Amino acid sequence: MKGNRQGGQPDRVTQYNTIKVRLYPTPAQEELFQKTFGCCRYIWNRMLSDHERFYIETDAHFIPTPAKYKKEAPFLKEVDNQALTQEYNQLSQAFRNFFRNPAAFGYPKFKRKKDDRDSFTACNHVMGTSATIYTTRDGLRMTKAGLIRAKFPRRPRSGWRLTRVTVTRTKTGKYYGCLLYACPVRRPEPVAPAEERTIGLKYSLAHLYVTDLGDAADPPRWLRQSQERLSAIQKKLSRAQPGSRNYQELVQNYRLLHEHIANQRRDFLHKESRRITNAWDAVCIRGDSLRAISEELGGSAVRDTGFGMFREMLRYKLERQGKQLLEVDRLSPTTKVCSACGAVNETLSPRARRWVCPVCGAAHGRDVNAAANIKARGLGKYQSEQAPAAC
Ligand SMILES: [Zn+2]
């Protein structure tokens with residue numbers, strides 16, 4: 001979702017947009033998709049284990065290309081070669097990420113059918129007027145699979161170029177295609193953040209976020225209701241006889257509702273990030289690592305509130321309007337510092353929701369005070385980056 005400079009046209013940038021379409025494969029196409037998911041896992045695992053072996057033997061990093069495996073595993077020829085190439089590219093990227101920042105990315109893992117997503121990605125190759133992937137009025141044309149019936153929630157605008165497609169199968173057996181488009185747009189005018197046009201956001205488990213003005217984003221009622229229904233099913237599931245028909249039905253219901261909640265949550269995060277982006281010129285946020293928060297909270301479900309997703313949505317939505325997401329180092333103190341006088345309150349209990357500064361007497365709500373500090377630090381960081389280097 002990053003805007004990149006295009007050579008020669010300084011006022012044009014490429015934006016990436018995705019359109020997610022529901023796919024309705026025929027039984028034969030479904031079989032081909034299943035095969036492709038399997039082949040992608042197979043080739044990933046083979047490349048990963050050969051990389052390991054090669055490293056042990058020669059002390060050098062090398063990943064064989066998919067072509068090498070086709071002789072010994074002829075079934076690989078039955079699926080779209082593009083999907084296999086993409087596995088190679090993704091594994092290479094996973095290693096590059098790992099070597100750059102091992103703590104954040106971790107060593108690439110083997111893919112097991114049990115816990116891996118059923119998906120594959122194919123890039124579109126355009127030569128002149130022909131393309132390996134293209135859309136029709138009610139279908140998606142791919143190599144090997146042919147024309148797959150598809151339902152489009154919206155259409156690409158003119159000038160958008162289809163660059164790649166990711167096909168996934170959900171746990172409930174639905175197929176989706178994520179169509180990635182490269183879209184040339186005019187570069188947005190950069191917006192310099194003024195203090196009164198900047199907002200600080202503090203991550204909150206209960207509210208998603210709390211702002212330095214004291215506003216909170218509360219997950220909507222419909223999301224809470226779905227979550228309550230989910231825990232009701234969970235309760236029934238724990239009492240049902242595993243393997244019974246009732247159990248199977250409950251599992252299917254559980255998965256459907258789970259998917260529904262994920263969609264509702266994404267919808268909520270899109271609306272919230274859109275609202276904030278339109279209302280403010282800059283957003284300050286802590287560069288929290290979700291893993292670290294989760295550990296602080298004893299491994300509870302931080303991922304579920306979707307704060308990481310929310311931050312990425314904010315990032316690209318702001319960027320598209322020439323605005324800034326100002327990230328504050330997650331280790332810099334924000335909670336214990338008084339936003340009024342700057343004194344550090346070392347005795348602040350981790351459970352205190354409100355506190356009074358022992359130095360200046362200011363009364364603080366825990367999250368609002370932290371959000372104010374995040375805003376001040378974010379703006380401070382921006383200003384020091386803009387200032388000319390001292391000679
Ligand atoms: Zn104070």
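Me: Which residue in E8 stands opposite Arg22?

Reply: Arg22 has Lys151 across from it in E8. A word on the model before we go on: it is predicted, so local features need pLDDT of at least 70 and side-chain atom pairs count only at pLDDT 80 or more, while totals for chains, interfaces and linings use all residues. Residue numbers start from 1 along each chain, following its sequence as written.

Me: Glad to have that. How should I read the strand labels, and what counts as pairing?

Reply: Helices (H or I, at least four residues) and strands (E, at least two) are DSSP runs, numbered from the N terminus. Two strands pair if DSSP finds at least two bridges between them. In general, strands of a sheet pair through backbone hydrogen bonds, either parallel or antiparallel. Here, strand E2 (residues 12-24) and strand E8 (residues 146-151) are antiparallel partners, joined over 3 bridges. E8 also pairs with strand E7 (residues 139-142), again in the antiparallel sense, this time over 4 bridges. On that side, Arg141 faces Leu147 of E8.

Me: How many residues lie between E7 and E8 in their hairpin?

Reply: There are 3 residues between the two strands, and Lys144 in the turn has a positive phi of about 70 degrees.

Me: Let's move to the sheet with E11. In what order do its strands lie?

Reply: The order is E12-E11-E13-E14, an open sheet of 4 strands with mixed pairing. Strand E12 (208-211) and strand E14 (324-328) are at the edges with a single partner strand each, so one side of each has no neighbour in the sheet. On average, neighbouring strands are turned by 30 degrees against each other, direction ignored. Angles like the ones below run from 0 to 180 degrees between N-to-C directions, and axes are lines fitted to C-alpha atoms, for helices over the stretch in contact.

Me: What is the sense of the pairing between E11 and E12?

Reply: Strand E11 (residues 198-204) and E12 are antiparallel, with 4 bridges between them. Leu201 has Thr211 of E12 as its bridge partner.

Me: Which helices lie on this sheet?

Reply: Contact here asks that the C-beta atoms of two residues, placed from the backbone, lie within 7 Å. Helix H7 (residues 307-320) lies across E11, E12, strand E13 (282-286) and E14, and runs at about 140 degrees to E14. Helix H8 (residues 366-386) also packs on the sheet: H8 touches E11, E12, E13 and E14, with a direction at about 130 degrees to that of E11.

Me: H8 holds Ala376. Is Ala376 buried or exposed?

Reply: A residue is buried if 20 or more other C-beta atoms lie within 10 Å of its own, exposed if 12 or fewer, and partly exposed in between, with C-beta atoms placed from the backbone. Ala376 has 20 such atoms within 10 Å, so it is buried. For a contrasting case, take Cys123 in strand E3 (residues 118-123). With 16 other C-beta atoms within 10 Å, Cys123 is partly exposed. Leaving aside neighbours within four places in sequence, Cys123 is in contact with Gln82, Gln86, Thr163 and Arg164. Over the protein chain, 25% of the 391 residues count as buried.

Me: Now helix pairs. At what angle do H5 and H7 cross?

Reply: The axes of helix H5 (residues 245-279) and H7 cross at roughly 40 degrees and come within 9 Å. Angles under 35 degrees count as roughly parallel, over 145 as roughly antiparallel, 65 to 115 as roughly perpendicular and the rest as oblique. H5 is therefore oblique to H7. A crossing is right-handed if the near helix is turned clockwise from the far one by less than a right angle, and left-handed if anticlockwise. For H5 and H7 the crossing is right-handed. Among the residues making the contact are Leu269 and Ile276 of H5, and Phe310 and Met313 of H7. By class, this contact has 7 nonpolar, 3 polar and 3 charged residues. (Ala, Val, Leu, Ile, Met, Phe, Trp, Tyr, Cys and Pro count as nonpolar, Asp, Glu, Lys and Arg as charged, and the others, Gly among them, as polar.)

Me: And what is the angle between H1 and H2?

Reply: Helix H1 (residues 27-58) packs against helix H2 (residues 81-100) at about 40 degrees, with the axes 9 Å apart. The crossing of H1 and H2 is right-handed. Residues that meet there include Ile43 and Trp44 in H1, and Leu84 and Tyr88 in H2. The contact of H1 with H2 divides into 10 nonpolar, 1 polar and 1 charged residues.
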